[in-house]
Amino acid sequence: MATKAELVKLARALGTTPDGVGFASSLDHHDIRRIRERIVGALYDEHRAAFQRVAAITRLLPTPLNVRIALRAFSPLLAARVAGEMAPDRAAELANRMPVAYLAEGCVHLDPRRAAPLVRRIRPDRVLAVVTELVDRGEFITLGRLLDAATERIVADVATAVSDEVLLRIGFYAESDAQLTRAVAMLPPHRLRGVVHSALTGPADLRSAGLSMVGRLTDDRLRGRLAEYAAEADDDVLTEMLRTAIDDGAVGELLAAVSAMGEQARRRVLALPTLAERDTLTQLIQATRRVPGNHVAKG
């Protein structure tokens with residue numbers, strides 16, 4: 001699942017499709033991420049000096065005039081590049097005066113290395129409005145990247161405003177496992193149950209996102225809570241999740257979830273009728289052989 005997400009993000013960075021970066025699919029997801037980060041750094045640094053000069057000019061003009069010039073003369077892409085070279089306080093002052101749609105498009109092009117100081121200085125209500133716009137556009141890759149820049153206040157506000165499905169889609173593209181874990185840990189029990197329910201009963205890509213989230217959590221107790229919520233589902237739902245894990249090569253994530261469950265929940269899962277079927281067992285064993293040894297040991 002981590003490799004799948006990294007390939008999508010690499011394709012976005014290169015302006016191509018996931019099939020276009022299929023050559024990297026055999027690499028570990030950490031290696032794909034390092035390649036992507038180097039590519040992103042090179043792309044943003046290529047004309048950095050020019051954007052620094054424009055950013056320097058903005059210091060000489062009042063904020064209202066800078067806003068008018070930006071909206072008339074700069075595309076959101078160019079504005080985002082200039083904002084990345086400005087002092088965060090100054091850039092946030094401008095952002096708080098700009099239209100939400102313009103800011104949302106700018107976020108797509110914002111240098112991820114400079115996003116956090118800026119995002120944390122923008123008014124929370126403006127951030128929430130931009131997030132809502134990005135959700136409407138289906139910009140989950142951008143939102144996953146911005147999760148690293150989010151404060152606890154922003155995470156709480158966004159979690160309240162968006163659906164369980166959206167939380168899963170954002171989490172799939174989150175950059176940091178630790179930040180993803182902190183965000184999930186902030187959710188109250190009823191939202192955690194809602195996220196698990198959406199993952200279990202949604203389309204295949206949501207089931208994949210749910211498996212990815214469970215696998216990436218750095219807190220075993222939190223992983224266990226989510227896994228035990230899942231174990232409460234009926235046999236058909238759990239069987240569908242098992243098949244998704246096999247089809248998507250996410251057996252490692254599935255084993256991590258099962259190993260984090262309490263004994264009663266684990267027995268419930270292992271008693272699934274499908275696990276007594278020869279075809280299912282054969283597929284599961286073949287998939288397990290491709291799982292890193294640490295997950296097999298845990299399973």
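A residue counts as buried when its relative accessible area is under 20%. By that criterion, Leu206, Arg207, Ser208, Ala209, Gly210, Leu211, Ser212, Met213, Val214 and Arg216 are buried in helix α15. The model is a predicted one.

**Helix α15**

- Helix α15 covers residues 204-216 and has 13 residues. From its first C-alpha to its last, α15 reaches 18 Å, close to the 18 Å expected at 1.5 Å a residue.
- Ten of the 13 residues of α15 are buried, so this helix is largely enclosed by the rest of the structure.
- Arg216 belongs to α15. With a relative accessible area of 13%, Arg216 is buried because the cut-off is 20%.
- Beyond its neighbours within four places in sequence, Arg216 is in contact with Gly171, Phe172, Ala174, Glu175, Ser176, Asp177, Leu180, Thr181 and Arg223.

- Two packed helices are described by the angle between their axes and the distance between the axes.
- For helix α14 (residues 189-201) and α15, the packing angle is about 130° and the axes are 6 Å apart. That angle makes α14 oblique to α15.
- The crossing in which α14 passes α15 is left-handed. On the α14 side, the contact is made by Val195, Ser198, Ala199 and Leu200, and on the α15 side by Leu206, Arg207, Gly210 and Met213.
- The residues of this contact of α14 with α15 comprise five nonpolar, two polar and one charged.
- For α15 and α17, the packing angle is about 80° and the axes are 10 Å apart. α15 is therefore roughly perpendicular to α17.
- Ala204, Arg207, Ser208 and Leu211 of α15 make this contact with Glu240, Met241, Thr244 and Ala245 of α17. The residues of the contact of α15 with α17 divide into four nonpolar, two polar and two charged.
- Arg207 of α15 takes part in the contact with α14 and also in the contact with α17.

- Asp248 is placed in the loop between α17 (235-247) and α18 (251-260).
- The relative accessibility of Asp248 is 30%, and this residue therefore counts as partly exposed.
- Not counting residues up to four places away in sequence, Asp248 touches Met1, Lys4 and Ser208.
- Asp248 and Ser208 are 40 residues apart along the chain, and their C-alpha atoms are separated by 7.4 Å. Ser208 is itself one of the buried residues of α15.

**Helix α1**

- The 13 residues of α1 should span 18 Å at 1.5 Å a residue, and the end C-alpha atoms of α1 are 18 Å apart, which agrees.
- Ala5, Glu6, Leu7, Val8, Lys9, Leu10 and Ala11 are the buried residues of α1. Their cover includes α2 (29-45), α10 (140-146) and α12 (164-172).
- Glu6 lies in α1, which comprises residues 2-14. Its relative accessibility is 5%, so Glu6 counts as buried.
- With its neighbours within four places in sequence left aside, Glu6 is in contact with His29, Ile32, Arg33 and Arg36.

**Helices α4 and α6**

- Helix α4 (residues 63-73) and helix α6 (residues 88-95) pack at about 65°, and their axes are 9 Å apart. This angle makes α4 roughly perpendicular to α6.
- α4 passes α6 in a crossing that is right-handed.
- In this contact, Thr63, Asn66 and Val67 of α4 meet Arg90, Glu93 and Leu94 of α6. The residues of the contact of α4 with α6 comprise two nonpolar, two polar and two charged.
- Val67 is found in α4. The relative accessible area of Val67 is 8%, and Val67 is therefore buried.
- Leaving aside neighbours within four places in sequence, Val67 is in contact with Leu94, Arg97 and Met98.
- The C-alpha atoms of Val67 and Arg97 are separated by 7.2 Å, with the two residues 30 apart along the chain.

Note on methods:
Residues are numbered from 1 along each chain as its sequence is written. This is a predicted model: local features need pLDDT of at least 70, side-chain atom pairs count only at pLDDT 80 or more; totals for chains, interfaces and linings use all residues. Side-chain values use heavy atoms; hydrogens and water are left out. Axes are lines fitted to C-alpha atoms, for helices over the stretch in contact, and angles run from 0 to 180 degrees between N-to-C directions. Helices (H or I, at least four residues) and strands (E, at least two) are DSSP runs, numbered from the N terminus. Angles under 35 degrees count as roughly parallel, over 145 as roughly antiparallel, 65 to 115 as roughly perpendicular and the rest as oblique. A crossing is left-handed if the near helix is turned anticlockwise from the far one by less than a right angle, and right-handed if clockwise. Contact means heavy atoms within 4.5 Å. Ala, Val, Leu, Ile, Met, Phe, Trp, Tyr, Cys and Pro count as nonpolar, Asp, Glu, Lys and Arg as charged, and the others, Gly among them, as polar. Buried means under 20% relative accessible area, exposed over 50%, partly exposed in between (1.4 Å probe, protein chains only). The expected span of a helix is 1.5 Å times one less than its number of residues.
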